[in-house]
Amino acid sequence: MPIIRSIARKYIGKPIRCKAAICRKSGKPLVIEEVELDPPKSWEVRIKILCTSLCHTDLTYWKRDPSELAAVFPRILGHEAVVVVESVGEHVEEVKEGELVVPVFLPNCGECKDCESTKSNNCTKFGSKPFQYGMPRDGTSRFRDMNGEVVHHLFGISSFSEYAVVDVTHLVKIAQDFPLDKACLLSCGVSTG
């Protein structure tokens, strides 16, 4: 993965442009567009999507009735993926550039009583926020289209993009030689059945 590191270095701390499959309206075909992605803020990580898969939940959010609270558009869907860490924001010590990780929609802060418990994996600190359409700490998006319009996240991941910014609580390190096509299923499919 040294190629990924050398490509990314000149963009660390700067916005980048990449392609994403944007859902502009409920039930309408996704449109491949160029988007601008902010650099990671504190406790955030910018990731390069290596492999992603389609989950039934993506389809559910794609066809949401526009009158529903969770039906926000435009939005970048996708939450099952395997990614490589491109760059990290301040206070991120759990992962580093070039590491292989999987994003997960249920966060783990590692500090609250539920994250420390062996009986629960529903984070008390961030657990009520996985279905919002922005980042878990400030509720804002890191994506904009080429007209400057905000493009919303899905589960704080949005893996139907070449790159994304996620909160570090949504990342899990995996073995660096794990097969990519199987690793992306660990994000959701395997963990939820």
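**A quick tour**

Guide: Buried residues make up 48% of the protein's 193 residues. Keep in mind that this is a predicted model.

Visitor: How many helices and strands does the protein have?
Guide: There are five helices and 10 strands.

Visitor: Contacts next. Of those with a separation of 6 or more, what share is from residues 24 or more positions apart?
Guide: That share is 69%.

Visitor: Now the open sheet. In which order do its five strands sit?
Guide: The order is E9-E3-E5-E6-E10, with antiparallel pairing. The edge strands are E9 (163–167) and E10 (171–173), and each pairs on one side only. On average, neighbouring strands of this sheet are turned by 45° against each other, direction ignored.

Visitor: Back to E9. Is it covered or open?
Guide: Mostly covered: five of its five residues are buried. Tyr-163, Val-165 and Asp-167 point one way, while Ala-164 and Val-166 point the other.

Visitor: How many bridges does E9 make with E3?
Guide: Five, in the antiparallel sense, with E3 spanning residues 44–53. In one of the bridges, Val-45 has Val-166 of E9 as its partner.

Visitor: And how many bridges join E5 to E6?
Guide: Two bridges join E5 (residues 80–88) to E6 (residues 100–103), and these strands run antiparallel. Val-83 has Val-101 in E6 as its bridge partner.

How values were computed. Residues are numbered from 1 along each chain as its sequence is written. This is a predicted model: local features need pLDDT of at least 70, side-chain atom pairs count only at pLDDT 80 or more; totals for chains, interfaces and linings use all residues. Side-chain values use heavy atoms; hydrogens and water are left out. Helices (H or I, at least four residues) and strands (E, at least two) are DSSP runs, numbered from the N terminus. Buried means under 20% relative accessible area, exposed over 50%, partly exposed in between (1.4 Å probe, protein chains only). Contact means heavy atoms within 4.5 Å. Two strands pair if DSSP finds at least two bridges between them. Axes are lines fitted to C-alpha atoms, for helices over the stretch in contact, and angles run from 0 to 180 degrees between N-to-C directions.
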